[in-house]
Amino acid sequence: MSFVFKPALREQVGLLIGLAGSSGAGKTYSALRLASGIAGDKPFCVIDTEAGRAKHYADLFKFDHGDLKPPFRPQAYAEAIAAADAAGYPVIVVDSMSHVWAGDGGVLDWHEDELDRMAGDDWKKREAVKMAAWIKPKMWHKAMVQRLLQIRAHLILCFRAEERIEMVRGDEGKMKIIPKVTPTGLSGWVPICEKNLPYELTCSMLLTADAPGFPKPIKLQEQHKAMFPLDQPISEESGKRVAAWATGGKAPAQVLSAGNTNLTTIAKTVAAFDKIGVPLSELEFILADGGGPV
């Protein structure tokens, strides 16, 4: 069978979006707002590992709910997500993806189970086989991620985040405690997941309790920035922009906050849209405080 090429079109693109945050950061509420905006008048689904916590929002959003119970093996996540995709849901929210890594029966627990199987209480042997004990759980976790990449629906994955610190030697030679610096963390807050997973996603963002719902990018590429203005909380409007872009629509309207609606900003934005072929007549600059078109 010959391999066929055809012109690339952006149509029916499923996005994988990660939202990580501590308690009180608004990750579940933000995920449901985002999903509601993407799904429009269709119901979406929530795969809930938090003992039904998502149902607290049942009066605010239209969604179908499914409980995923321990053990939180990668296979169980992959099967639940595949079942939701086969059912035709336009958006699948998973709250929380952290359990597959650090929950009851997740990858970390599975590693311990493998150590018990391979070495028992022989602590010297346990140290010797520690790396080998990672093979099976990490293999299945990788298989789960590859399965997620094949899903047709939009996936919104919620992660818990934890605050981490480290000790470093300062300029004066004294040891001091600072927020831990990691590739997927911001200000010491790190998503609880396999370290590479946030980069497998289309985009991933950190939410913090001091500004619930406001995205702080971990991974946010240029073509997706207009969907998630950093000076506004993630909302149904964000979801509408995602849906329009994913179905082949033109670049979403650039949203300007009231403090940024000056002539220089507008001129630069118009020039950027003109460069990609979007006529001025199709642009709407909407003030975040509810004003009309500029």
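1. The side chains of E236 and R33 meet in a salt bridge, with N to O at 2.9 Å. The term stands for a side-chain nitrogen of Lys or Arg within 4 Å of a carboxyl oxygen of Asp or Glu. E236 belongs to helix 8 (residues 236-246) and R33 to helix 1 (residues 27-39), so the pair ties together parts that are 203 residues apart in sequence. Helices here are DSSP runs of H or I with at least four residues, strands are runs of E with at least two, and both are numbered from the N terminus. E236 has 25% relative accessibility and counts as partly exposed. The accessibility classes are buried (under 20% relative accessible area), exposed (over 50%) and partly exposed in between, with a 1.4 Å probe and protein chains only.

2. **Basis of the values.** This is a predicted model: local features need pLDDT of at least 70, side-chain atom pairs count only at pLDDT 80 or more, and totals for chains, interfaces and linings use all residues. Residues are numbered from 1 along each chain as its sequence is written, and side-chain values use heavy atoms, with hydrogens and water left out.

3. **Overall make-up.** The protein has 9 helices and 12 strands. Of its 294 residues, 44% count as buried. The accessible surface comes to about 16100 Å², and carbon and sulfur atoms hold 55% of that. Accessible areas come from the Shrake-Rupley method with a 1.4 Å probe; for residues, only the protein chains shown count as cover. Take the contacts with a separation of 6 or more: residues 24 or more positions apart account for 60% of them. A contact means heavy atoms within 4.5 Å.

4. **Other salt bridges.** The structure holds 11 salt bridges. One of them joins E112 and R126, with the closest N and O atoms 3.2 Å apart. E112 sits in helix 4 (residues 107-119) and R126 in helix 5 (residues 123-128), so this pair ties together parts that are 14 residues apart in sequence. Side chains of opposite charge can pair when their charged atoms come close.

5. E222 forms a salt bridge with K225, and their closest N and O atoms are 3.1 Å apart. E222 is exposed, with a relative accessible area of 60%. K225 is partly exposed at 39%. Elsewhere, E50, R53 and R160 are linked in a network of salt bridges.

6. **Strand 4.** How many residues of strand 4 (residues 91-95) are buried? The count is 5 of the 5, so the strand is largely enclosed by the rest of the structure. Both faces are covered: V91, V93 and D95 are buried on one side, I92 and V94 on the other. In a regular strand the side chains alternate between the two faces of the sheet.

7. **Neighbours of strand 4.** Strand 2 (residues 44-48) runs parallel to strand 4 and is joined to it by 4 bridges. Strands count as paired if DSSP finds at least two bridges between them. I92 in strand 4 is the bridge partner of C45. Strand 5 (residues 154-163) also runs parallel to strand 4, with 5 bridges between them. There, C158 is the bridge partner of D95.

8. **T208.** This residue is in strand 9 (residues 203-208). Is T208 buried or exposed? At 10% relative accessibility, T208 counts as buried. Its side chain makes a polar contact with the side chain of D210 at 2.5 Å. A polar contact is a pair of N or O atoms within 3.5 Å; within protein, one must be able to donate a hydrogen and the other to accept it, and residues adjacent in sequence count only if both atoms are side-chain atoms. Leaving out residues up to four places away in sequence, T208 touches A25, W189 and K216.

9. **P70.** P70 lies in the loop between strand 3 (63-67) and helix 2 (74-86). It counts as partly exposed at 44% relative accessibility. Its C-alpha atom is 8.3 Å from that of G106, which is 36 residues away along the chain.

10. **A nonpolar patch.** M167, M175 and I177 make a nonpolar surface patch of about 330 Å². Patch residues have over 30% relative accessible area and no salt bridge; like charges are joined within 9 Å, nonpolar side chains (Val, Leu, Ile, Met, Phe, Trp, Tyr) within 5 Å. I177 is in strand 7 (residues 175-179). At 55% relative accessibility, I177 counts as exposed.
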